[in-house]
Amino acid sequence: MRRYSSAVALAATAVCVIAIGTAQPADATPTSYVHNDCTSSDRGHPTHCFRIHYNSRSETTTQSTSACLATRHSRSSEYGYSPNGGASLIRFVFYDFPSEVYGGMPFPCGHSSGDGDGQGVFNSAASAWNQDPYAAYSVYSQTGYGGESKWYPKADGYARNLGSGLKNHNGAHKRYS
């Protein structure tokens, strides 16, 4: 009886070792994180971007106490994208950065408060503000520019909270020039 129990225990251990040794990681795709997607050849306004913020804010202010994603691009998914057919993933995240980090970007994101810093943008935004003088933007509740949306006119100077159907349900944003 003892010999049989030992053999069963040894066989079970061997199966566990083989299973652990051959298991593949759930996601082996290399991931990088982007918080400033605001690039432009416009030398007059290189840092005037559309900002998606982690926290809600007053409709009469341009400043925020939460981290943001700065962008000048349409993104059909605020989760991220794979630029090379899936060999890597670029994720969009909120970041708390001062203006001097990005060449004097007016009204930095967060002011070191830490709210939302490092959090993924997808389904986590509460407000936005458009500083882009050349384009309007919309934030959508679904990826692929679907569902409910909120319009942000060209650099009008006002921050706007996302509506109740969009707050923490944001999936995409689109630039209209």
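Biologist: Which residue forms a salt bridge with Asp-37, and how far apart are the closest N and O atoms?

Modeller: Side chains of opposite charge can pair when their charged atoms come close. In this predicted model, Asp-37 pairs with Arg-75, and their closest N and O atoms are 2.9 Å apart.

Biologist: Which parts does that pair tie together?

Modeller: Asp-37 sits in strand β2, residues 36-37. Arg-75 sits in the loop between β4 (68-71) and β5 (80-81).

Biologist: Is Asp-37 buried or exposed? What about Arg-75, buried or exposed?

Modeller: Buried means under 20% relative accessible area. Asp-37 has 9%, so Asp-37 is buried. Arg-75 has 17%, so Arg-75 is buried as well.

Biologist: How many salt bridges does the structure hold?

Modeller: Three. One of them joins Arg-72 to Asp-132, with the closest N and O atoms 3.2 Å apart. Arg-72 is in the loop between β4 and β5, and Asp-132 is in the loop between β7 (127-130) and β8 (136-142), so this pair ties together parts 60 residues apart in sequence. Both Arg-72 and Asp-132 are buried.

Biologist: How do Arg-175 and Asp-132 stand in relative accessibility?

Modeller: Arg-175 is partly exposed, at 24%. Asp-132 is buried, at 0%. Through shared partners, salt bridges join Arg-72, Asp-132 and Arg-175 into one network.

How values were computed:
Residues numbered from 1 in each chain as written. Predicted model: local features only at pLDDT ≥ 70, side-chain atom pairs only at ≥ 80, totals over all residues. Heavy atoms only, no water. Salt bridge = Lys/Arg side-chain N within 4 Å of Asp/Glu carboxyl O. Helix = DSSP H or I, 4+ residues; strand = E, 2+ residues; numbered from the N terminus. Buried < 20%, exposed > 50% of the residue type's maximum accessible area, 1.4 Å probe, protein only.
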